[in-house]
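Reader: Hi! Could you walk me through this structure?

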Amino acid sequence: MESYKILLKRNKQWAGKMLETDPEFFTGLSQTQKPEFLWIGCSDSRVPANEVTGTRPGEIFVHRNIANIVLHTDVNLFSVLEYAVTHLKVKHVIVCGHYGCGGVKAAMGNQNFDQVLNMWLRVIKDVYRQNKDELEAITDLNDRANRLVELNVKDQVEKLCKTSVIQKAWKEGNIPCIHGWVYGLHDGKLKEIISIKPKKNVIDPVYVYEDI
Ligand code: CO
């Protein structure tokens, strides 16, 4: 059987199994969604949001891109963020990186990934430069890359706090909390790196929008 057909076959089995345990499962979910979480993760196939958090369809709103980057000109990410925060009113936004991230490793080196990937990974080079002293004190290159994974997650969390979407939500509803996690491919565990609750003075004044 061709590989893609196996997926369709497995889907039939999965849908049947879900109905066996809860005959109303799909009827309920087809009406509406009320997820409590927005997940911004890496596209890496080994870090699926639902599986690693033990959640079911309907529980997490998901955006994924290479190396879980929050880029302020990314219309795709920002439409997901705005919908999740402003309309679905998620209580938590989670930026989740992972140790051994190929995107982060690539950004740490000097290989030319003509050209779109160079553009995409550029922001991680900025995180590297800003933390150069700490990173270059780590001699093992894998350990150094893994520390950059953590610093990258922290940087993306801080970037989320600077957005007008989050500033407005914090002011109006005192949600969401923003979390930075890193997933271990080697042990399947999530590590908490940073957690920011809605409050004033989190960001530099230059990023604060008035009359929001
Ligand atoms: Co990755």
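Predicted model: local features only at pLDDT ≥ 70, side-chain atom pairs only at ≥ 80, totals over all residues.

Reader: Great, which protein donors does the cobalt ion have?

Author: They are Cys42 (SG), His98 (NE2) and Cys101 (SG), lying 2.1 to 2.3 Å from the ion. Donors here are N, O and S atoms within 2.8 Å of the metal (3.2 Å for Na, K and Ca); water is not among the atoms, so sites may look incomplete.

Reader: And how are the donor residues spaced in sequence?

Author: The pattern is C-x55-H-x2-C. Cys42 sits in strand β1 (residues 37-42) and Cys101 in the loop between β3 (92-98) and α5 (102-108), so the pair ties together parts 59 residues apart in sequence. Helices (H or I, at least four residues) and strands (E, at least two) are DSSP runs, numbered from the N terminus.

Reader: Is Cys101 buried or exposed?

Author: Buried, at 2% relative accessibility. Buried means under 20% relative accessible area, exposed over 50%, partly exposed in between (1.4 Å probe, protein chains only). Cys42 is buried too, at 6%.

Reader: Switching topic: where is Tyr99?

Author: Tyr99 is in the loop between β3 and α5, and it is buried, at 13%. Its C-alpha is 6.4 Å from that of Val149, 50 residues away in sequence.

Reader: Last one: which residues of helix α9 are buried?

Author: In α9 (residues 164-173), they are Val165, Ile166, Gln167, Ala169 and Trp170. Just after α9, Asn174 takes a positive phi of about 60 degrees.

Conventions. Residues numbered from 1 in each chain as written. Heavy atoms only, no water.
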